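Hi,

Here's the model I promised to pass along.

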Amino acid sequence: NENIPLTNIDNILDSFFDPISMAPTRQQIENGTRVVQYNEIEEPQNTTCSISLVQFQPESEVMEILFCHHLYMKNELENWFIHNNRCPLCRYDIRNYNPRQTNH
């Protein structure tokens, strides 16, 4: 029966409230999104970026989440993914995206 030093318990308790990174990896972002010019999208889900509230222009470079098809300004969504893993509108977790699934 080993005794656990109190310093280890203190370290565990101190780190208990540390934030857990929820950011998707670069690979998960690449798998779950695509970058496209706004005017190439036939039936866009939204006409403005819900992060920046900027209206898309025909030549805007947008990032589309492949599962839900929500659109964002590319830089805004990339910045969002630094601290988040979900679509800002529908909360879909892009880390779960599998291009072989066709149920959506």
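Lys74 and Glu78 sit four residues apart in helix α3 (residues 74-80), so about one helical turn separates them. Helices here are DSSP runs of H or I with at least four residues, strands are runs of E with at least two, and both are numbered from the N terminus. Lys74 and Glu78 form a salt bridge, with their closest N and O atoms 2.9 Å apart. By salt bridge I mean a side-chain nitrogen of Lys or Arg within 4 Å of a carboxyl oxygen of Asp or Glu. Glu78 is partly exposed, at 22% relative accessible area. For that scale, buried is under 20% relative accessible area, exposed is over 50%, and partly exposed is in between (1.4 Å probe, protein chains only).

Before you go further: this is a predicted model, so local features need pLDDT of at least 70 and side-chain atom pairs count only at pLDDT 80 or more, while totals for chains, interfaces and linings use all residues. Residues are numbered from 1 along each chain as its sequence is written, and side-chain values use heavy atoms, with hydrogens and water left out.

Searching the whole structure gives three salt bridges. Another of them joins Glu64 and Arg34, at 2.5 Å from N to O. Since Glu64 belongs to strand β2 and Arg34 to strand β1, this pair ties together parts 30 residues apart in sequence. Glu64 is buried at 5% relative accessible area, whereas Arg34 is partly exposed at 36%. Then there's Arg95 with Asp93, whose closest N and O atoms are 2.8 Å apart. Arg95 is partly exposed (32%), and Asp93 is buried (7%).

On to the sheet. Three strands make up an open, antiparallel sheet in the order β1-β2-β3; strands count as paired if DSSP finds at least two bridges between them. At the edges are β1 (33-37) and β3 (71-73), each pairing on one side only. From one strand to the next, the twist averages 35°, using lines fitted to C-alpha atoms as axes and angles from 0 to 180 degrees between N-to-C directions. Strand β2 (residues 61-65) pairs with β3 over three bridges, and Glu64 stands opposite Leu71 in β3.

Cheers
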